[in-house]
Amino acid sequence: MTTPSALERPTGVPATRRVAARLVLLPAVALALLPPRRIRAVLGLLRRGAAPATTAQAQDARDAMCAASLRCAGPKGCLPRSLGAALLCRLGGTWPTWCTGVRVVPPFTAHAWIEADGRPVGEGVPDGYFARLMAVAPLPRPGDR
């Protein structure tokens, strides 16, 4: 049985940002079809040379993906949404922490999301709600400690 739900799509996303989100949507969907280790390997290469994304940059990328695609805005669109948001951040020279994991409270649910400053972005859940199983974080930049 399905539960009816209304999708909330962000408004006010500039047209150029929506176009950029549509451009990364196809690679994001293609990446989502790969096995987890391949996804991690590809994202590990893509993150090189990028600065860590701020919460605002990560939220803007997530909002753009949801505004550009009903699939990404939907309840089962977490993997292409998170991959697309990471790729969109990378186009801007930044990288969020891309994560996959599970919900800590029952019922068991797998999920993919992005983080910035150590917190999930746009998920509307408290800290510790998800347990990470895999993460691709920004690489430390030379001179950062």
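Helix 5 (78-91) and strand 4 (110-116) each supply two or more residues, that is at least two, to the lining of the largest pocket. Helices (H or I, at least four residues) and strands (E, at least two) are DSSP runs, numbered from the N terminus. This is a predicted model, in which local features need pLDDT of at least 70, side-chain atom pairs count only at pLDDT 80 or more, and totals for chains, interfaces and linings use all residues. Residues are numbered from 1 along each chain as its sequence is written, and side-chain values use heavy atoms, without hydrogens and water.

A pocket is an open set of points on a 1 Å grid over the protein atoms alone, where a 1.4 Å probe fits, with protein on both sides within 12 Å along at least five of seven lines; lining residues have an atom within 4 Å of a point. A volume is the space filled by probe spheres set on the points.

| Pocket | Volume |
|---|---|
| Largest pocket | about 250 Å³ |
| Second largest pocket | about 180 Å³ |

The second largest pocket is lined by 13 residues, and Thr100, Gly101, Ala110, His111 and Ala112 are the closest to its centre. Strand 3 gives the largest share of this lining, four residues.

Strand 3 and strand 4 run antiparallel and are joined by six bridges; two strands pair if DSSP finds at least two bridges between them. Gly101 has His111 in strand 4 as its bridge partner.
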